[in-house]
Amino acid sequence: MKKFLLVISIMLISIFTVLPIATAITGECNADFWSKQTYIDSNNDETAQVLAEMPENLQLSSDSSDIDNNYVTRLSNLKDSDITAVGMPINNDLDVSISQQSPTVIDKVGEVLFGGKVTEIETVRLGGTPIGISLDSKGVKVIGISEVLTIDGMRCPAVEGDIRIGDVIIKVDGKEINSVAILSKITAESKGAILSIEFLRSGKAMSAKLTAALDLSTKKYKLGIWAKEGSSGIGTLTFVRENGQFGSLGHPIVNGETGEIYSISGGTIFDCEINGINKGSAGRAGELKGNFSEKVMGKVFKNNKFGVYGKMYKENCKNLDKISIIKAKDVKPGKAQIFTTINGKKPLLYDIEIIKAINQPIDNDKGIIIRITDSRLIEAAGGIVQGMSGSPIIQNNKLVGAVTHVFVNDCIKGYGIYAEFMLNEAQ
């Protein structure tokens with residue numbers, strides 16, 4: 001079939017600050033592209049230089065390899081300092097009319113380039129509801145060092161053994177440490193004997209020998225360590241499979257200091273209610289505010305690049321709507337909706353536009369670029385805010401992806417991940 005090129009004079013390419021949108025959950029992200037004018041107006045001289053050299057028209061074809069990859073590559077290699085993730089803190093069938101709106105130029109271009117037929121992979125239960133996420137850590141993180149008053153004066157066993165703030169203690173005398181309580185118990189029972197400590201420092205496995213000191217004031221043996229366990233925050237449920245396996249967030253929960261993906265031994269999801277919004281604005285990401293309840297919804301088994309996964313108890317998802325997930329290759333630019341909760345527990349549909357559906361031959365994140373067009377969401381929240389991570393992206397009544405990141409310098413725009421890739425992780 002003869003190939004043809006479409007010369008498009010619409011918005012070309014711009015980089016924004018982008019944040020993962022999970023409250024108390026942040027992550028690294030890659031810069032991608034929007035409008036040439038915004039690039040030039042940015043403070044990034046390198047960005048402006050690349051765009052100044054870019055032709056006024058971007059040429060697209062039915063074969064994505066025909067796009068001028070020189071500029072795409074140069075832009076993709078720019079510094080990832082402008083992105084943030086947005087995971088924070090329905091009982092009726094979907095209205096089939098939600099996507100039946102007048103087609104725009106982008107809709108028509110998408111139809112020509114990508115066609116109208118889609119491949120359904122699996123029917124799942126639709127999320128959109130907020131969930132409280134509490135993760136159990138593999139090890140405990142050292143957050144402080146203190147001295148111990150002993151009969152011989154002030155001592156700090158941690159310093160003596162070269163334990164530092166930020167280290168993650170994973171084993172003591174061969175026993176796994178998954179809580180501060182376990183570490184304290186082993187330390188107290190040591191009676192001053194030498195302890196073999198296994199820990200991680202910037203992801204590297206290390207070991208040390210420590211001798212706990214007897215605190216004269218408490219009569220307890222101590223290591224001179226302040227530690228914390230686990231991590232928690234609020235995000236959004238994306239889908240639940242019929243067997244109860246769920247996918248959420250669409251990006252990992254990470255160590256806020258190192259940016260490394262948080263290593264877990266398990267976790268729990270709780271019922272959650274949104275009770276407020278800190279509205280976003282240019283240069284500052286907004287956030288949803290919410291509370292956990294004591295109601296346990298399910299268990300967490302996995303935290304990786306593609307989100308948080310586990311198994312939900314069936315009684316908590318049996319009333320959720322059913323929807324089909326389609327292949328990533330079938331997602332196209334054009335009108336769509338996100339299904340998200342900004343008040344209480346009930347999610348609502350909000351109009352968006354898929355600006356770009358990136359061809360990703362292997363599973364990866366940040367494959368969808370979206371823009372909020374619904375005035376209700378813009379007025380209430382300023383656009384995409386932290387806490388919306390995992391909010392389902394729906395196109396033509398199919399689940400195509402989930403919201404993951406917000407462009408901080410323009411809060412109505414952000415990234416999403418393909419639902420197909422999240423489904424693969426929930427298998």
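Student: How many bridges join β20 to β21 in this structure?

Tutor: This is a predicted model, in which local features need pLDDT of at least 70, side-chain atom pairs count only at pLDDT 80 or more, and totals for chains, interfaces and linings use all residues. Residues are numbered from 1 along each chain as its sequence is written, and side-chain values use heavy atoms, with hydrogens and water left out. Strands (E, at least two residues) and helices (H or I, at least four) are DSSP runs numbered from the N terminus, and two strands pair if DSSP finds at least two bridges between them. β20 and β21 run antiparallel, and the number of bridges joining them is six.

Student: How many residues lie between β20 and β21 in their hairpin?

Tutor: β20 covers residues 287-304, and β21 covers residues 307-312. Across the pair, Asn303 stands opposite Val308 in β21. The hairpin of β20 and β21 has between its strands two residues.

Student: Which residue of β21 is the bridge partner of Phe246?

Tutor: β21 also pairs with strand β18, residues 245-248, in the antiparallel sense over four bridges. In β21, the partner of Phe246 is Gly310.

Student: How many of the six residues of β21 are buried?

Tutor: Buried means under 20% relative accessible area, exposed means over 50%, and partly exposed lies in between, with a 1.4 Å probe and protein chains only. Strand β21 is mostly covered, and its count of buried residues is five.

Student: Is Asn291 buried or exposed, or partly exposed?

Tutor: Asn291 belongs to strand β20. It touches Ile234, Asp271, Cys272, Glu273 and Asn275, leaving aside residues up to four places away in sequence; contact here means heavy atoms within 4.5 Å. Asn291 and Cys272 are 19 residues apart in sequence and 5.7 Å apart in space, C-alpha to C-alpha. Because its relative accessible area is 47%, Asn291 is classed as partly exposed.

Student: Which residue's side chain does a polar contact of 2.8 Å join to the side chain of Glu122?

Tutor: Glu122 is in strand β5, residues 120-126. Not counting residues up to four places away in sequence, Glu122 touches several residues, including Ile323, Ser324 and Leu423. A polar contact is a pair of N or O atoms within 3.5 Å; within protein, one must be able to donate a hydrogen and the other to accept it, and residues adjacent in sequence count only if both atoms are side-chain atoms. At 2.8 Å, the side-chain partner of Glu122 is Arg241.

Student: What percentage of the residues of the protein count as buried?

Tutor: The secondary structure of the protein comes to eight helices and 28 strands. Of its 427 residues, the share that counts as buried is 53%.
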